[in-house]
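Trainee: I'd like to learn how to read features off a model like this one. Can we go through a few together?

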Amino acid sequence: MSLDTARLVQMANAIRALSMDAVQAANSGHPGMPMGMADVATVLWGEYLKHDPAAPDWADRDRFVLSAGHGSMLIYALLHLTGYAHPTIEDLRKFRKLGSPCAGHPENFLLDGVECTTGPLGQGLAMAVGMAIAERHLNACFGDELVDHRTWVIAGDGCLMEGINHEAIGLAGHLGLGRLTVLWDDNRITIDGSTDLSTSEDIKARYAATGWHVTACDGHDFADIRRALDEAAADPRPTLVACRTIIGKGAPNLQGTHATHGAPLGDEEIAASRETLAWTSHPFELPAEIVDDWREAGRRGADVRAQWSRRAAEHPRKAEFERRMAGNLPAEFSLDDHISGLLADPVKVATRKASEMALDVINRQLPDTIGGSADLTGSNNTKAGGIAPLTAQDYSGRYIYYGIREFGMAAAMNGMALHGGIIPYGGTFLVFTDYCRGAIRLSALQQTRVVYVMTHDSIGLGEDGPTHQPIEHLQSLRMIPNLLVMRPADAIETAECWDIALRQHDRPTVLALTRQNLPQVRSSTHDKGLSARGAYRLKAADAARKVILIATGSEVHLALECAAQLEGQGIGADVVSMVCTQLFDEQDRSYRDDLLPNVDPSQILRVSIEAGTTFGWERYTMTNGLAIGIDSFGASAPAEDLFRKFGFTADAIVPQIINKLNG
C-alpha cells in the first residue's frame with residue numbers, strides 16, 4: 001500500500017486523536033508516547049507489519065510488542081483502525097474502565113493482537129527476544145514455507161534504561177537475531193522531565209557494542225522512517241532504530257515536555273490540538289476516508305496469509321506444526337515407564353539429579369522443549385536427552401546458554417511460550433528467583449507455560465552460605481497467583497511434577513529442587529500420579545492418630561523419621577507430602593478434609609516441616625499447630641551440620657511435638 005504524505009498524516013492523526021480523547025475520557029493514562037510515535041506506527045503497521053486482523057492467531061504473523069506499555073492507546077488505536085474485532089469504539093471509550101479490554105497497560109489475554117502483557121518497562125523488549133528465538137528455531141525445524149516472520153518492538157527510554165535491557169540485548173546480539181527490530185522512541189523525556197536529569201550514556205554505542213546494527217531516523221518523516229526500516233530488514237543483525245520524536249506531537253503548548261507523558265492533556269489543550277492537527281471530528285468519531293485507508297492497510301496481509309495457508313495445507317509436517325503451535329503434547333507422550341522403573345529400582349539422588357533423569361526422557365520424546373540455564377548447567381542439571389546448543393550458527397539446537405542473565409532468561413522464556421510452538425524451561429538457584437521475580441510474575445499474569453528449574457532450594461546447599469540459601473523464597477513464590485510451586489521429595493515426585501508442569505496450558509511452574517541426595521520415599525506400584533493432588537497421605541497412622549506431619553521436599557523423609565519415633569511412643573502420626581500447596585487448595589473439600597481433618601488441635605496436632613520460613617504455614621497447621629522452619633538467615637557449613645544446627649532432626653523435632661501435645 002502506497003499513500004501520499006497528506007493521507008499518511010491523517011492516518012497518524014487518527015491515532016493521536018483517539019489517544020488524547022481516550023486518556024481524557026478516562027482522566028488517566030499516557031497520551032504523549034502514542035502521539036509522538038504515531039507516524040512511525042503508521043508506516044510500520046501500514047506498510048511493513050505482516051498480519052491479518054481477520055486471523056489474529058495466524059502462526060506466521062509478525063509479532064509486534066509495545067514494550068513501552070504505558071502508551072497502550074497506541075496499540076489499541078492500531079488494532080481498532082486496522083480492523084481487528086476488538087477493541088471497538090465503545091471499548092476505546094471505556095479505556096481504563098472496569099470491563100473494558102483496553103486496560104491501562106496491554107494484557108495479552110484481553111485482546112487479540114496484543115502479543116504480551118507489557119508495562120513493567122524493559123520486559124516487553126526482553127520477551128520479544130524470546131519471540132525472535134522461537135521464530136528462528138521453528139524456522140530451522142519447519143523451514144521458510146511455514147515459519148518466516150519478524151519481531152518488531154516499540155520501546156521507550158525507560159525500557160532501555162532498565163537493567164534487563166542489558167541482559168536482553170546481549171543475548172539477542174550473541175544469537176544474531178536479525179529478524180528482531182527495536183524502534184526506540186527517542187523523545188528524551190521521562191516522567192520526571194528531560195532524560196538529561198538521569199542519564200548521559202551513549203545508548204547507540206551500547207547496542208552496537210553488543211552486536212546490534214544501529215541506525216536512526218526522523219520519527220516524523222515518513223520517507224526517513226521507511227529508509228530506516230528497509231535498512232533494518234537488510235541487515236543480518238538485530239537492529240535498533242533510534243526514532244527521534246517529539247512526545248505529545250500535535251499538542252501545541254505541551255508537546256516536547258513531560259507534561260504529556262502521564263496525564264490527560266486537558267480540554268483546552270485537546271481543543272488546541274484539534275486545531276493544530278486540522279482534526280474536526282468529535283471525540284471517538286473518525287472520518288470515513290481515514291478509516292477506509294486504515295482498513296485497506298489491515299487487509300494488506302490477507303493475500304499473504306492465504307498463500308501461507310495453501311502452503312501449510314500441503315506441507316508434509318502440517319499436523320506436527322499445528323500440534324506444536326496449539327500447545328498440545330503428543331498423544332503418545334508419557335513418563336509412566338520412567339516412573340515404573342523408579343518404583344522397581346529405587347534411587348537415592350538429589351531432586352536436581354532426578355529432574356535431569358526425567359528430562360532425559362522428556363527431551364527425547366518432546367521436541368517442543370527448549371532448555372537452558374543462567375550459567376549453572378552443571379548445577380541445575382538442565383541439559384539432558386541429547387539436546388544440542390541453540391546458537392547463531394545453528395538455531396535447531398534446543399539448549400540455550402543464557403550466561404549470567406537470570407532476568408533476561410526468564411523474560412525470554414515468556415516470549416518463547418507466548419510465541420507458541422515452544423515449551424521453555426530454564427534453571428538457576430532458587431535464591432536467584434529474586435533476580436527473575438518480575439518475569440515470573442508476568443509468566444503467571446500472562447498464563448504462560450514456562451518451567452523454572454530452581455535448584456539448591458534450602459540450607460541443604462551447604463557451604464555457599466546465607467547469600468545462596470533460600471529462606472523466604474518458597475512462601476513468597478507461593479503467594480503469586482496462578483503460579484505452581486512444586487517441591488518434590490524424591491525422584492518419583494520429581495517426575496510427576498515435570499509431567500504436571502508440561503500439561504499446564506495456562507500457568508507456569510517453579511520446581512524447587514535439592515542439591516543433596518534424598519532417599520526415595522515412594523515404592524508402591526499402586527501410588528502413581530499422587531503429586532497431581534498437591535498433597536497426599538504418604539503414611540497413615542498406625543496407632544490412634546494424634547499428629548499430622550505436613551512436609552515438603554527434603555523434609556518429607558525427615559517427617560517419616562519423626563513419625564516412626566512418635567509411633568514408637570504410641571502416638572499415631574500421619575505423614576502428608578505437600579508437593580504443591582496451590583494444587584492441594586484446588587482439590588474438593590472432601591479430599592482436603594480427609595487429609596487435614598478440621599478438628600480441634602487438642603485432638604489432632606498439625607505440624608509443618610519445611611527448611612524455610614514458617615510464615616504462612618498456619619494456613620495448614622491452624623493457629624494452634626506447630627511450624628518447624630527457619631526464620632533467620634542460614635550459615636556456611638556442610639549441609640548435615642546445618643540441618644542439625646537449625647533443628648532439622650527427628651531428635652530435635654519430636655520433643656517439640658510431644659511438648660505441644662502435653663501443653
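Trainee: Let's start with a single side chain. Is tryptophan 58 buried or exposed?

Mentor: Keep in mind that this is a predicted model. The cut-off for buried is under 20% relative accessible area. Tryptophan 58 has 4%, so it is buried.

Trainee: And what kind of pair do the rings of tryptophan 58 and tryptophan 308 form?

Mentor: Look at the centres and then at the planes. Planes over 60 degrees apart count as edge-to-face. Here the ring centres are 6.4 Å apart and the planes are at 65°, so tryptophan 58 and tryptophan 308 make an edge-to-face pair. Tryptophan 58 sits in the loop between helix H3 and strand E1, while tryptophan 308 belongs to helix H13, so to speak a link between distant parts of the chain, 250 residues apart. Tryptophan 308 is buried too, at 11% relative accessibility.

Trainee: Which residues make up the aromatic cluster with Trp58?

Mentor: Trp58, Phe142, Trp308 and Phe321 form one cluster. Across the whole structure, a search turns up 13 aromatic pairs. One of them is tyrosine 207 with tryptophan 212, edge-to-face, with 5.0 Å between centres and 85° between planes. Tyrosine 207 is buried at 0% relative accessible area, and tryptophan 212 is buried at 2%.

Trainee: What about rings and charges: what lies over the face of tyrosine 591?

Mentor: That's arginine 533, at 4.1 Å from the ring centre. Elsewhere, lysine 645 has its charged end over the ring of phenylalanine 646, 5.4 Å from the centre.

Trainee: Now helices. At what angle do H1 and H11 pack?

Mentor: Two packed helices are described by an angle and a distance, both taken between their axes. For H1 (residues 5–26) and H11 (residues 267–277), the angle is about 170° and the axes are 11 Å apart. Angles over 145 count as roughly antiparallel, and H1 and H11 are therefore roughly antiparallel. Residues in the contact include Arg16 and Met20 of H1, and Ile270 and Arg274 of H11. By class, the contact has 3 nonpolar, 4 polar and 4 charged residues.

Trainee: Last topic, the backbone. Which residues does a cis peptide bond join?

Mentor: Histidine 86 and proline 87, with omega about 10°. Proline 87 is in the loop between helix H4 and helix H5. For phi, check aspartate 375: its value is positive, near 65°, in a residue other than glycine. Aspartate 375 is found in the loop between strand E9 and helix H17. Methionine 622, not a glycine either, has a positive phi of about 70°, and lies in the loop between helix H25 and strand E20.

How values were computed
Residues numbered from 1 in each chain as written. Predicted model: local features only at pLDDT ≥ 70, side-chain atom pairs only at ≥ 80, totals over all residues. Heavy atoms only, no water. Axes fitted to C-alpha atoms, helices over the stretch in contact; angles between N-to-C directions. Helix = DSSP H or I, 4+ residues; strand = E, 2+ residues; numbered from the N terminus. Parallel < 35°, antiparallel > 145°, perpendicular 65-115°, else oblique. Contact = heavy atoms within 4.5 Å. Nonpolar A, V, L, I, M, F, W, Y, C, P; charged D, E, K, R; others polar. Phe/Tyr/Trp six-rings, centres within 6.5 Å; stacked < 30°, edge-to-face > 60°. Buried < 20%, exposed > 50% of the residue type's maximum accessible area, 1.4 Å probe, protein only. Lys NZ or Arg CZ within 6 Å of the ring centre and 35° of its normal.
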